[in-house]
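This briefing goes through one protein chain by topic. Please look at the sequence and the structure first, then read the notes beside them.

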Amino acid sequence: MLRTLNLFCDSPVKQRIYDQLSVKGFLNLVVFVLLVSWTNLVNAQTTIPKTDGKAFSHDTVVEIARKLSQKPFIEPKQAPEALTKIDYSTYRQINFQQDAAIWGNAPTPFSIQLFAPGYIYKQLVDIDVVENGKSFPVAVSESSFRVPDESIGQLLQQVGKYAGFRLHYPINRDDYKDEFLVFQGASYFRGVSKGQAYGLSTRGLAINVADPKGEEYPLFKKFWIERPSSHQKAIVVHALLDSISVTGAYRFAIYPGDPTRMGVDVMLFPRRDVQNVGLAPLTSMFMHGGIDRADTADYRPAVHDSEGLLMEKGNREKIWRPLNNPRGLQVSSFMDENPKGFGLMQPHRQVDYYQDLEAKYHQRPSAWVEPTGDWGKGRVELVEIPSDSEANDNIVAYWKPENGLKKDQPFAYSYQLTWVDNIPKTEGKVKVVRTAGGRKLFTDKNEIVIDYSHLSANDVSNISVDASISSGAILEARIEPNPNVDGARVFVTFDPEDADVAELRVQLRNNDKPLGMTWLYRFTSEDWPL
């Protein structure tokens, strides 16, 4: 300690300090030195310069996005070829140093770790932290990353930017900061709640999905991350979005835990008219399961990150649409006004349902979008893309406003995004728990089987089945108790006649009043599992 004191006092005032030093003054000085040393240690851990900070608020991001929209789009800077040509195995060996985690040793329970550019992550991203109303850029040093080759570390320092970041917080146990949210690649981000494993992704914005001219991928080009206090259980992230057609300012209020939820406020500034735009887009994977059987000899009965699309319409009707892995591109639209919510759901939480001990599909989250305020007229759009690999995301769902975006007209909206285990607002209520399809026993007729939970035998005796098909005919619709799911099983026999595509709709009714979810399905002759 005396050595530290001598180092600290090596200055023109050193003699005066010695002359006036008392026991009390000495103790105060020791405390001061410890505080200085601790502050320097934290700053060294975060690699954040503490000078030349810029005043910051969310209005800062809004103003940057507004001004940016008035200029032509400029392609973002990309990582050098030496980094983008490395293979996946090499990229995985580039890891942010644990002892360099931002706020890793600070009192706040949150910390940040950063991703290096390289491999498929070509776009360079700026990241600032915000402390006491000022923003500071996060620098890159040679020691920021653990690398397989020294030349890669030197190159990363020269580039001086990142490819994204991940947030850590103790959601599973108090003594360990779990990774629970990742922003990396275009405007993609993924989250988990307590006990979950990463699955589906979310995005800031979707433009021209399934468009023959090709999809446009907006990019989060800069982030500002606010430092929480030691008592805060939430963290705020701001993001600047840029693309050919639109710029945007995003504010994410993030609450990790059980479940992890996020409040999202968005202000978009269109550079031109955009009709095919998707708000709060969700991206997932569906190979097979339920009504859609595997095309290959797979021992696993279900392989998917999400099983179905759930939608709660403005009139409170709940729609359940099982997902497909079609042989041709399929786009489905569900018209509505002021929707209450929509999401891609993974309701089955038992390993037996999937029989995959490695992928842990039973731990993959569902994602539920709940609009804040009125979103007006539009539709939830579901895009199903043919896929032969579970490594590919082939499912997209989003809200498509009726009038799209108009050039030079700012467009604001907000929503809550939650990574949940179970289907929201359906605990103890009648809901679809399984769908299957094939031939009706001992006939050549097509039949759908739907299981509903939370129905007693007495309930079933008072329930009718309202089934319809857009082309062809419903031959039979009946219901019987199914105690195995604490509910009932519905059988719908149908004939599409000569139609290649037909929309099926099933709704239970009790005394002519709708009961539980409305079940929807698109029959296509080439996909039907017969």
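Glu381 counts as buried, because its relative accessibility is 5% and the limit for buried is under 20%. Its salt-bridge partner is Arg379, with 3.2 Å between the closest N and O atoms. Arg379 has a relative accessibility of 25%, so this residue counts as partly exposed. The model is a predicted one, and 32 salt bridges are found in it.

**Other salt bridges**

- Side chains of opposite charge can pair when their charged atoms come close.
- Glu480 and Arg478 form a salt bridge in which the closest N and O atoms are 3.1 Å apart.
- Glu480 is partly exposed at 33% relative accessible area, and Arg478 is partly exposed at 32% relative accessibility.
- In the salt bridge between Arg522 and Glu503, the closest N and O atoms are 2.7 Å apart.
- This pair connects distant parts of the chain, since Arg522 belongs to strand β33 (residues 513-524) and Glu503 to strand β32 (residues 501-510), 19 residues apart.
- Asp298, Arg300, Asp356 and Glu390 belong to one network, joined by salt bridges that share partners.

**The chain as a whole**

- The chain has 530 residues, and 52% of them count as buried.
- Its secondary structure comprises nine helices and 33 strands.
- Among contacts with a separation of 6 or more, 67% are between residues 24 or more positions apart.

- The largest pocket holds about 1,700 Å³ of space.
- Its lining has 46 residues, and those closest to the centre are Tyr88, Ile120, Tyr121, Gln184 and Arg190.
- Which elements each supply at least two residues of this lining? They are α6 (88-92), β2 (95-96), β3 (111-115), β8 (178-184) and β9 (188-191).
- By class, the lining of the largest pocket has 26 nonpolar, eight polar and 12 charged residues.
- The second largest pocket holds about 370 Å³ of space.
- It is lined by 23 residues, of which Met287, Arg293, Ala294, Asp295 and Asn325 are the closest to its centre.
- The lining of the second largest pocket divides into eight nonpolar, six polar and nine charged residues.

- Glu216 sits in the loop between β11 (205-207) and β12 (219-226).
- Glu216 counts as buried because its relative accessibility is 9%, and buried means under 20%.
- What does the side chain of Glu216 make a polar contact with? One partner is the side chain of Ser243, at 2.8 Å.
- Another polar contact, also of 2.8 Å, joins the side chain of Glu216 to that of Ser245.
- Beyond residues up to four places away in sequence, Glu216 touches Ile207, Asn208, Ser243, Ile244, Ser245 and Arg272.

- Ile479 is part of strand β30 (residues 473-482).
- With a relative accessibility of 18%, Ile479 counts as buried, because buried means under 20%.
- Ile479 and Ile450 are separated by 29 residues in sequence, and their C-alpha atoms are 9.4 Å apart in space.
- Apart from neighbours within four places in sequence, Ile479 contacts Val460, Ile463, Val465, Ala488, Arg489, Val490 and Leu508.

**Backbone exceptions**

- Most residues other than glycine have a negative phi, and most peptide bonds are trans.
- The peptide bond from Asp258 to Pro259 is cis, and its omega is near 5 degrees.
- Pro259 is in the loop between β14 (246-255) and β15 (260-270).
- Asn208 is not glycine, yet its phi is positive, near 60 degrees.
- The position of Asn208 is in the loop between β11 and β12, and Asn208 is also one of the residues that Glu216 touches.
- His454 also has a positive phi, about 60 degrees, although His454 is not a glycine.
- His454 lies in the loop between β28 (446-453) and α9 (457-460).
- At 34% relative accessibility, His454 is partly exposed.

Key
Residues numbered from 1 in each chain as written. Predicted model: local features only at pLDDT ≥ 70, side-chain atom pairs only at ≥ 80, totals over all residues. Heavy atoms only, no water. 1 Å grid on protein atoms, 1.4 Å probe; cavity = no way out; pocket = protein on both sides within 12 Å on 5 of 7 lines; lining within 4 Å. Points joined across faces, edges and corners; volume = space filled by probe spheres on them. Helix = DSSP H or I, 4+ residues; strand = E, 2+ residues; numbered from the N terminus. Nonpolar A, V, L, I, M, F, W, Y, C, P; charged D, E, K, R; others polar. Salt bridge = Lys/Arg side-chain N within 4 Å of Asp/Glu carboxyl O. Buried < 20%, exposed > 50% of the residue type's maximum accessible area, 1.4 Å probe, protein only. Polar contact = N/O pair within 3.5 Å; in protein donor to acceptor, adjacent residues only side chain to side chain. Contact = heavy atoms within 4.5 Å.
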